[in-house]
Amino acid sequence: MTHERLESKRDTSTKTKRSMKTKELKISQVKINGENPRSITTDKFNKLVNSILCFPEMLDLRPIVVDKTNVALGGNMRAQALKKIADMNEELLTITLNQNISFKEKTGAEQKKLIQYWLDWISNPVVITAD
């Protein structure tokens, strides 16, 4: 499925609009960029996983930018985090979420909804990408 989004692109003097093409890809189709200049510690990576788990809406706001061969150019760490989430089973997902302070602050109904969201996503792990 292809989506069209309008994104503001800043120039030093003016604002212009450009169309950003987005599409859904299975997370397994997104290739991790081995030449990514950024690296993060294991602790920060785990915090990223937890952040995504408690705020999945962010994934719609910040698509993973890929090239024509689906190598991640932007969002490489998010792609890695999503691959880790995709490999979780229900027990590991629940344990991971229950260790998260943001998750603990949610109501019981919100917690159940979030767990179900991820279980559904894991059964069909797609991500929005942009070129």
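Close-up 1. N76 has a relative accessible area of 6%, so it counts as buried (under 20% relative accessible area; exposed is over 50% and partly exposed is in between, with a 1.4 Å probe and protein chains only). This is a predicted model: local features need pLDDT of at least 70, side-chain atom pairs count only at pLDDT 80 or more, and totals for chains, interfaces and linings use all residues. Residues are numbered from 1 along each chain as its sequence is written, and side-chain values use heavy atoms, with hydrogens and water left out. N76 sits in helix α3 (helices are DSSP runs of H or I with at least four residues, strands are runs of E with at least two, and both are numbered from the N terminus). A polar atom of the N76 side chain lies 2.8 Å from the backbone nitrogen of N33. Setting aside residues up to four places away in sequence, N76 touches K31, I32, N33 and N36 (contact means heavy atoms within 4.5 Å).

**Close-up 2. Helix α3 and its surroundings.** Eight of the 11 residues of α3 are buried, so the helix is mostly covered. Along with N76, the buried set includes M77, R78, A79 and A81. What do these buried residues pack against? Their partners are α1, α2, β3, β4, α6 and β5 (126–130). Take L82: leaving aside neighbours within four places in sequence, it is in contact with I27, I52, L59, I64, W118, W121 and V127.

**Close-up 3. The largest nonpolar core.** A nonpolar core here is a set of buried Ala, Val, Leu, Ile, Met, Phe, Trp, Tyr and Cys residues joined through side-chain atoms within 4.5 Å. The largest one has 30 residues, and V30, I52, L82, I85 and W118 touch the most other members. At least two core residues come from each of α1, α2 (58–61), β3 (64–66), α3 (76–86), α4 and α6. In soluble globular proteins, nonpolar side chains tend to be buried together.

**Close-up 4. One face of helix α4.** Now look at α4 (residues 90–98), where L93, T96 and L97 are buried. Seen down the axis of α4, these residues fall within an arc of 95°, so they line one face of the helix (the arc is that of the directions from the helix axis to the C-beta atoms). They pack against α1 (42–54), α5 (101–104) and α6 (108–123). At the start of α4, a side-chain oxygen of N89 comes to within 3.1 Å of the backbone nitrogen of E91.

**Close-up 5. P56 in the loop between α1 and α2.** P56 is found in this loop and counts as buried at 7% relative accessibility. Leaving aside neighbours within four places in sequence, its contacts are L114, Y117 and W118. P56 and Y117 are 61 residues apart along the chain, yet their C-alpha atoms are separated by 8.9 Å.

**Close-up 6. N70 in the loop between β3 and β4.** N70 belongs to this loop, and its phi is near 70°, a positive value in a residue other than glycine. Is N70 buried or exposed? With a relative accessible area of 15%, N70 is buried.

Conventions:
Polar contact = N/O pair within 3.5 Å; in protein donor to acceptor, adjacent residues only side chain to side chain.
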